[in-house]
Structure formats: C-alpha cells, structure tokens
Amino acid sequence: MSCTLIRSSAAQLEAISNDPDILEDMIDLADAPCIDGTDLKRTDMALDLGRSFAGLNYLLNDRALFGHTPLSFMYGGQPLTEEEYGLAPPLGHRPEVVQDIDAALKGIDQQWLTVRYDARQLDEDQIYPRDWSDDQAQRLGWLIASLQACQSFIADAAAAQQGLIVIHS
C-alpha cells in the first residue's frame, strides 16, 4: 500500500472528474530517486509516501485513521470520480484547502512527531505496515523523513496556488 500526492491546477481537478485517465500522465515516479534511503520518492509534481503514509496519517490525526482537520489530507478531500484508481477513487483538494494543509503542517516538527510516536501502540492498533516495533529508531526516522517530504511538497504546491490529488495504491 502507498499514498501518492500530486500537485494539480484547479482546472486539472475538474478535468479528472470527466477523464480519470489524465492521472496517468501526471504520475511519473519511475525514475525518481528514493529519499534518504527510504521508500519515499519525489519529483516536482508528485510525492510517493511509500508505506509510511498510514503511520504518518495516524500520528497527525491523534491516533485516528480519519479526521476533519487539514491534517487528515491523506484520507480527506473530495472524490474526483467514482472510478477506483489504485485502491480507491482519487481524492482532490482545491488550492485554498492546500493553503490550510500547508499552514497546519507548519505547526508540526520533529519533536512533535517524536513525542507522539509509540511503536507498540501503532502495532496494537494494526497500523500498516504493522512492524513498527522491529526497529523503532529507524521507523521513527522514516516517519520524520515522510513528514518533512510532505511539508516541503505541500508548501511548494501552496506557494504555486495549486491543488492536490491523493491516490492510494
């Protein structure tokens, strides 16, 4: 399982509703290098959070899978189509929502994440990939790298007045 974020214009968000195949042209991470020895990949227009997304989402949402705040952006958003793309329909966030997500993420730092990280609890709650206790320091570093990649990617989208597409695969 993975979560991919894609920067998009408001017009592209609308166009995807009519033609989901547009997404194929927007996602090209095949040649993207991994970030800091993790399974994270980034280009200017796409960020693949690899398997870390579920743990990061869980911590950002106070141990909940879903939330109603800008920090629940990985599972929030409006479905862009009824068709599944990957494991579910793609979700979209309009540019003004990306501004809110960016502002919320700016309040999160490495210490905030470290204080909330509890490998045993992540395993007990069966948060994917369900091996958080194996190497706790490595797993925490992975989540910190994921947070920093999200912050940078979403800040770039917000600065460019772009929306965001979320794909689970």
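1. **Basis.** This is a predicted model, in which local features need pLDDT of at least 70, side-chain atom pairs count only at pLDDT 80 or more, and totals for chains, interfaces and linings use all residues. Residues are numbered from 1 along each chain as its sequence is written, and side-chain values use heavy atoms, with hydrogens and water left out.

2. **Salt bridges.** The structure holds 6 salt bridges. The term stands for a side-chain nitrogen of Lys or Arg within 4 Å of a carboxyl oxygen of Asp or Glu. Three of these pairs are taken up below, including R94 with E96.

3. **R94 and E96.** What distance separates the closest N and O atoms of R94 and E96? They are 3.6 Å apart. R94 is partly exposed at 36% relative accessible area. E96 is also partly exposed, at 47%. Here buried means under 20% relative accessible area, exposed means over 50%, and partly exposed lies in between (1.4 Å probe, protein chains only). E14 joins R94 and E96 in a network of salt bridges.

4. **K106 and D102.** This salt bridge has its closest N and O atoms 3.2 Å apart. Both residues lie in helix α4 (residues 95-106), 4 residues apart, about one turn of the helix. Helices here are DSSP runs (H or I, at least four residues), strands are runs of E (at least two), and both are numbered from the N terminus. K106 is exposed, with 62% relative accessibility. D102 is buried, at 8%.

5. **R139 and D131.** The side chains of R139 and D131 form a salt bridge at 2.6 Å, N to O. Are the two partners buried or exposed? R139 is buried, with 10% relative accessible area. D131 counts as buried too, at 16%.

6. **Negative patch.** D19, D21, E24, D25, E82 and E83 form a negative surface patch. Patch residues have over 30% relative accessible area and no salt bridge; like charges are joined within 9 Å, and nonpolar side chains (Val, Leu, Ile, Met, Phe, Trp, Tyr) within 5 Å. Lys and Arg count as positive, Asp and Glu as negative, with His and the chain ends not counted. Each charge is placed at NZ of Lys, CZ of Arg, CG of Asp or CD of Glu. Accessible areas come from the Shrake-Rupley method with a 1.4 Å probe, and for residues only the protein chains shown count as cover. E83 sits in the loop between β4 (78-79) and β5 (91-93).

7. **Cysteines.** How many disulfides are there? The count is 0, with a disulfide taken as a pair of cysteine sulfur atoms within 2.5 Å. The sulfur of C3 is 7.6 Å from the closest cysteine sulfur, in C150, so the two are too far apart for a bond. C150 is likewise in no disulfide. C3 is buried, at 0% relative accessible area. C150 is buried, at 0% as well.

8. **The loop between α6 and α7.** Most residues other than glycine have a negative phi, and most peptide bonds are trans. The peptide bond from Y128 to P129 is cis, with omega near 10 degrees. P129 is in the loop between α6 (119-124) and α7 (136-159). R130 lies in the loop between α6 and α7. Its phi is positive, near 65 degrees. R130 is exposed, at 53% relative accessibility.

9. **Q161.** Which loop holds Q161? It is the one between α7 and β6 (163-168). Q161 is not a glycine, yet has a positive phi of about 60 degrees. Q161 is exposed, with a relative accessible area of 53%.
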